[in-house]
There are 2 protein chains.
Amino acid sequence: MPGTNRQIRLAARPVGEVKSEDWSLAEEPVREPGEGEFAGRTRYVSLDPAMRGWLDDRPSYLPPVGLGEVMRAGSVIEVTASRHPGYQPGDFVVGTFGVQEHAVSDGRGTLKVDPALAPLSTYLGALGMPGMTAYFGLLDVGALQEGETVVVSGAAGAVGTIVGQIAKVKGCRVVGIAGGADKCAMLTEELGFDAAIDYRSEDVRKALREHAPDGIDVYFDNVGGDILDAALTRLAMRARVVVCGAISQYNSESGVQGPSNYLSLLVRRARMEGFVVFDYAKRYGEAALELAGWIGEGRIKVKEHVVRGGVEDFPATLQMLFRGENTGKLVLELQ
Amino acid sequence: MPGTNRQIRLAARPVGEVKSEDWSLAEEPVREPGEGEFAGRTRYVSLDPAMRGWLDDRPSYLPPVGLGEVMRAGSVIEVTASRHPGYQPGDFVVGTFGVQEHAVSDGRGTLKVDPALAPLSTYLGALGMPGMTAYFGLLDVGALQEGETVVVSGAAGAVGTIVGQIAKVKGCRVVGIAGGADKCAMLTEELGFDAAIDYRSEDVRKALREHAPDGIDVYFDNVGGDILDAALTRLAMRARVVVCGAISQYNSESGVQGPSNYLSLLVRRARMEGFVVFDYAKRYGEAALELAGWIGEGRIKVKEHVVRGGVEDFPATLQMLFRGENTGKLVLELQ
């Protein structure tokens with residue numbers, strides 16, 4: 001010490017798709033921990049669709065990432081030095097440490113995790129925010145009941161794979177919507193979905209009629225756009241539409257496409273509800289325990305897409321998300 | 001007897017705005033009641049925005065009106081002859097008797113009403129479907145709490161006038177959105193709304209920022225389109241958007257405009273929910289009693305727009321609704 005801490009910072013507010021020029025690679029000396037702090041080396045960086053929203057300068061559930069700031073990201077770090085009584089070198093900690101090789105923290109908003117219980121990357125996926133999002137979105141916001149029909153879009157993604165598998169645990173009929181035959185085969189053959197719809201090659205509305213003949217009780221939406229509109233045509237009475245995200249719209253330069261079939265909410269006495277997983281922070285432990293149990297029993301399979309590289313690979317890896325090139329949770333493992 | 005029963009029948013499925021050619025005026029002999037039936041002469045015919053939806057040949061909460069059928073409408077009839085033990089000549093009955101001068105019924109789905117308690121037309125308005133719609137939409141679907149901020153669109157209409165006044169009874173801040181200075185003045189000066197926004201001359205989004213500075217807790221939507229989108233930008237945390245109707249969209253030939261700001265449901269942890277008042281039929285008595293009480297105490301003022309004429313005036317009167325030419329409940333009083 002001091003070595004060099006390489007970081008990815010936001011250089012410009014992207015318009016439409018995020019381009020490599022919107023980022024800068026910065027270097028700082030590695031900082032030593034002060035009294036009550038610990039320092040760590042980043043092992044895994046999370047890549048999430050929500051990141052696109054954090055780059056726009058408009059009010060949302062979190063303030064936007066400022067120009068010139070280190071990109072916000074969840075990550076797992078390995079503690080290298082500590083002046084905090086609760087952390088020892090060799091500990092692994094999950095937190096919002098940003099896209100950088102080294103981080104210093106006083107421990108607030110972080111969680112120590114045990115690599116003996118689950119692979120470290122899983123604390124960013126099935127046992128991290130995507131898992132929490134799936135759990136509370138489906139069970140609390142969606143108010144899922146046994147025997148219902150669940151449709152999830154972005155089904156092969158970090159959240160979608162967990163949503164569908166929780167719904168199977170709960171005894172539901174599950175239909176996934178994903179892009180590509182390989183993803184669809186994975187959903188039905190590996191994860192136990194009852195059906196999968198390839199939106200790239202199929203007429204989604206027609207396929208929903210076939211695979212959800214009694215209508216959709218819970219539609220968990222990660223994508224928005226035309227797929228949301230198709231799902232709205234197939235709602236069962238008193239259906240719940242869970243608005244988790246709208247990845248198809250995040251890079252739109254012409255504004256968000258509103259769901260023109262929203263009046264089916266009236267005809268079907270249905271509701272569409274949004275949520276932000278942070279509101280459930282006090283119950284993360286409960287969800288993680290239950291999810292870990294299902295994973296241990298083999299009832300939930302964890303799908304992860306691990307890219308190995310350096311922080312400089314973050315921009316290209318993030319693009320994979322919006323191009324639908326990942327299957328399951330996308331993480332960058334720093335070498 | 002037998003006299004002539006003149007009727008308005010659906011002649012063609014309208015495209016866009018309903019035109020006079022979409023209707024036909026038919027004549028039949030007046031039918032005498034059979035055993036267990038009564039016959040009556042129509043006194044008041046209800047005109048409702050929902051009627052536009054009944055004319056389209058697509059699945060909804062009610063089957064469409066068939067081509068050649070008498071137009072479906074709520075009305076008040078005066079019993080002229082009866083072979084039903086529960087009804088005597090001179091009784092007044094509310095039901096879905098259609099746009100015709102005479103009707104015969106076995107009493108199912110009808111309600112005897114007392115002209116001494118309220119003007120007959122009010123049983124089609126504040127004490128009829130619009131009143132029920134306002135009551136259950138606001139209190140049940142909207143889950144209104146004392147002290148909240150309520151915004152209602154179509155505020156000068158049959159449902160909107162009641163929604164706003166119920167919200168005032170419940171101790172809420174109420175902002176109405178309506179078309180024209182006269183309607184807006186009526187809302188604030190006569191009905192006690194805290195503010196009114198004239199969407200024809202004001203920037204609704206800006207005006208909402210001014211009149212709902214702490215955000216909207218319940219948005220009761222009768223209109224859809226740009227006004228719904230404006231309201232979505234101003235939701236308070238955990239807001240409820242009650243989807244009652246979308247009169248701005250019913251005549252659209254280019255399809256319904258979806259709310260492009262629907263992702264504010266996510267940011268604001270809000271929900272958008274539709275309902276159909278018929279689902280609350282078992283509780284109409286409860287609502288009518290409470291509404292009648294508030295009307296009696298002068299806390300709810302009944303606004304009605306009565307057009308006097310014959311059934312042949314129905315088509316032109318219906319157009320008034322979609323042109324926003326009525327204030328309060330629009331009824332056709334047959335001469």
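**Helix α6 of chain B and selected residues**

In helix α6 of chain B, the buried residues are B:G225, B:I227, B:L228, B:D229, B:A230, B:A231 and B:L232. The model described here is a predicted one. Helix α6 of chain B runs over residues 225–232, and because 7 of its 8 residues are buried, it is largely enclosed by the rest of the structure. The elements against which these buried residues pack include both strands and helices of chain B. The strands are β8 (149–153), β9 (173–178), β11 (216–221) and β12 (235–243), and the helices are α5 (204–211) and α7 (264–267).

In general, most residues other than glycine have a negative phi. B:R238, which is not a glycine, has a positive phi of about 60 degrees. B:R238 is placed in strand β12 of chain B, and its relative accessibility of 49% means that it counts as partly exposed. B:R269 also has a positive phi, near 50 degrees, and is likewise a residue other than glycine. B:R269 is found in the loop between α7 and β13 (271–274) of chain B. With a relative accessibility of 11%, B:R269 counts as buried, because the cut-off for burial is under 20%.

Another loop of chain B, between β4 (75–82) and β5 (92–95), holds B:D91. B:D91 has a relative accessibility of 17% and therefore counts as buried. Its side chain makes a polar contact with the side chain of B:K112, at 3.4 Å. Leaving aside neighbours within four places in sequence, B:D91 is in contact with B:K112 and also with B:I77, B:E78, B:V79 and B:G86.

For chain A, the overall features were computed. The secondary structure of chain A consists of 9 helices and 15 strands. The C-alpha trace of chain A spans about 65 × 45 × 35 Å along its principal axes. The radius of gyration of chain A is 20 Å, which agrees with the value near 20 Å for a compact globule of 335 residues. Of the 335 residues in chain A, 59% are buried. Among contacts in chain A with a separation of 6 or more, 67% join residues 24 or more positions apart.

The accessible surface of chain A amounts to about 13,600 Å², and carbon and sulfur atoms account for 48% of this surface. Chain A carries 35 positive and 44 negative charges, whose mean positions lie 4 Å apart.

Key:
Residues numbered from 1 in each chain as written. Chains lettered and ligands numbered in written order. Predicted model: local features only at pLDDT ≥ 70, side-chain atom pairs only at ≥ 80, totals over all residues. Heavy atoms only, no water. Helix = DSSP H or I, 4+ residues; strand = E, 2+ residues; numbered from the N terminus. Rg over C-alpha atoms; globule rule 2.2 N^0.38 Å. Buried < 20%, exposed > 50% of the residue type's maximum accessible area, 1.4 Å probe, protein only. Contact = heavy atoms within 4.5 Å. Areas by Shrake-Rupley, 256 points an atom, 1.4 Å probe, with all protein chains shown as cover. Lys, Arg positive; Asp, Glu negative; His and termini not counted. Charge placed at Lys NZ, Arg CZ, Asp CG, Glu CD. Polar contact = N/O pair within 3.5 Å; in protein donor to acceptor, adjacent residues only side chain to side chain.
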